[in-house]
Amino acid sequence: MVTTQDTRDDVRAGIVSAATQLLREKGANAVTTRAVAQAAGVQAPTIYRLFGDKDGLIDAVAEHVMATYVSGKSVAADGDPVADLRAGWRAHVEFGLTNPELYALIAARGSGTPSRATIAGLDVLRRRVRRLATAGLLRVDEERALMMIHSAGNGTILTLLGMPTGQRDLGLGEAMLDAVLTSILATTPATPDTTTNAVAVTFATVLPDLPGLTDAERALMAEWLHRSLTHQTP
């Protein structure tokens, strides 16, 4: 039995597919609400009803393209946390270079609420950074490490996309990651650092699970750790 929800999902999938095809064949500028509606065989109000606005449609396209891409990739989430981060970084840069028009669309959103695809990517990166912290490998707090890696990754992709394909320095991604790791890692993975910053960052990862403390006490301790790390980090 075909339900209203089935029909809605089919229409939504058709719109996302049409927008994705327009993006790949004609570029980011071709993905307008009117063009997508025409390609999908629906009225423009249908797009607004299902996606809210053009940004919502872009989010859906980004999620669709990323899901398709990720399904063909395998990035280990165990073992050496630094190797895991490197694998994720390489996959992210490769995705950006493989889907330049999608990156252009996401960048065109400007300031404001980040796309759902960006938020999902940050969640994955946050888990990788947490593994570094838990292993005692960070000498900056987790949020600083997260933002440094995220900024460097996006900057690398946009820089490479701004170059003619034949002139791109494909070693730039690894060089940028090495520079970031030099700034955020306390030491090599084989020998966890025991300096004050590294210990404070590692301690922060277990703070939520410490017994015998109230939520207010945990919040206060987290504030103290953050303040200490902020003052000690160059």
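Analyst: A crossing of two helices is termed left-handed if the near helix is turned anticlockwise from the far one by less than a right angle, and right-handed if the turn is clockwise. In this predicted model, α7 passes α8 in a right-handed crossing.

User: What makes α7 oblique to α8, rather than parallel, antiparallel or perpendicular?

Analyst: The axes of α7 and helix α8 (residues 142-161) cross at roughly 125° and come within 9 Å. Roughly perpendicular covers 65 to 115 degrees, and roughly antiparallel begins over 145. An angle of roughly 125° falls between those ranges, so α7 is oblique to α8.

User: Which residues of α7 and α8 meet, and how do they divide by class?

Analyst: On the α7 side are T118, L122, L125, R126, V129, R130 and A133, and on the α8 side E142, E143, A145, L146, M147, I149 and H150. The contact holds eight nonpolar, two polar and four charged residues.

User: Where does T118 lie, and why is it called partly exposed?

Analyst: T118 belongs to helix α7. Its relative accessible area is 22%, whereas buried requires a value under 20% and exposed a value over 50%. T118 is therefore partly exposed. Not counting residues up to four places away in sequence, T118 touches I106 and H150. T118 and E63 are 55 residues apart in sequence, with 9.4 Å between their C-alpha atoms.

User: Why is S115 assigned to the buried class?

Analyst: S115 has a relative accessible area of 3%. The limit for buried is under 20%, so S115 is buried. S115 is found in the loop between α6 (100-107) and α7 (116-134). The C-alpha atoms of S115 and I58 are 8.3 Å apart in space, and the two residues are 57 apart in sequence.

User: What makes α2 and α3 roughly perpendicular?

Analyst: Helix α2 (residues 33-40) and helix α3 (residues 44-51) pack at an angle of about 100°, and their axes are 8 Å apart. The perpendicular class runs from 65 to 115 degrees. The angle of about 100° lies inside that range, and α2 and α3 are therefore roughly perpendicular to each other. Residues T33, V36 and A37 of α2 make the contact with A44, I47 and Y48 of α3. By class, these are five nonpolar, one polar and no charged.

User: Why is T33 called buried, and which residues does it contact?

Analyst: T33 has its place in helix α2. Leaving aside neighbours within four places in sequence, the contacts of T33 are A44, I47, Y48 and K54.

User: Why is H92 placed in the partly exposed class?

Analyst: H92 has a relative accessible area of 32%. Partly exposed lies between the limits of under 20% for buried and over 50% for exposed, so H92 is partly exposed. H92 is in helix α5. Its contacts, not counting residues up to four places away in sequence, are Y103, G153, N154 and I157. The C-alpha atoms of H92 and G153 are separated by 7.6 Å, and the two residues are 61 apart along the chain.

User: How many helices and strands are there, and what share of the residues is buried?

Analyst: The protein has 11 helices and zero strands. Of its 234 residues, 36% count as buried. The accessible surface comes to about 13100 Å², and carbon and sulfur atoms account for 57% of that area. Among contacts with a separation of 6 or more, 69% are between residues 24 or more positions apart.

How values were computed
Residues numbered from 1 in each chain as written. Predicted model: local features only at pLDDT ≥ 70, side-chain atom pairs only at ≥ 80, totals over all residues. Heavy atoms only, no water. Axes fitted to C-alpha atoms, helices over the stretch in contact; angles between N-to-C directions. Helix = DSSP H or I, 4+ residues; strand = E, 2+ residues; numbered from the N terminus. Parallel < 35°, antiparallel > 145°, perpendicular 65-115°, else oblique. Contact = heavy atoms within 4.5 Å. Nonpolar A, V, L, I, M, F, W, Y, C, P; charged D, E, K, R; others polar. Buried < 20%, exposed > 50% of the residue type's maximum accessible area, 1.4 Å probe, protein only. Areas by Shrake-Rupley, 256 points an atom, 1.4 Å probe, with all protein chains shown as cover.
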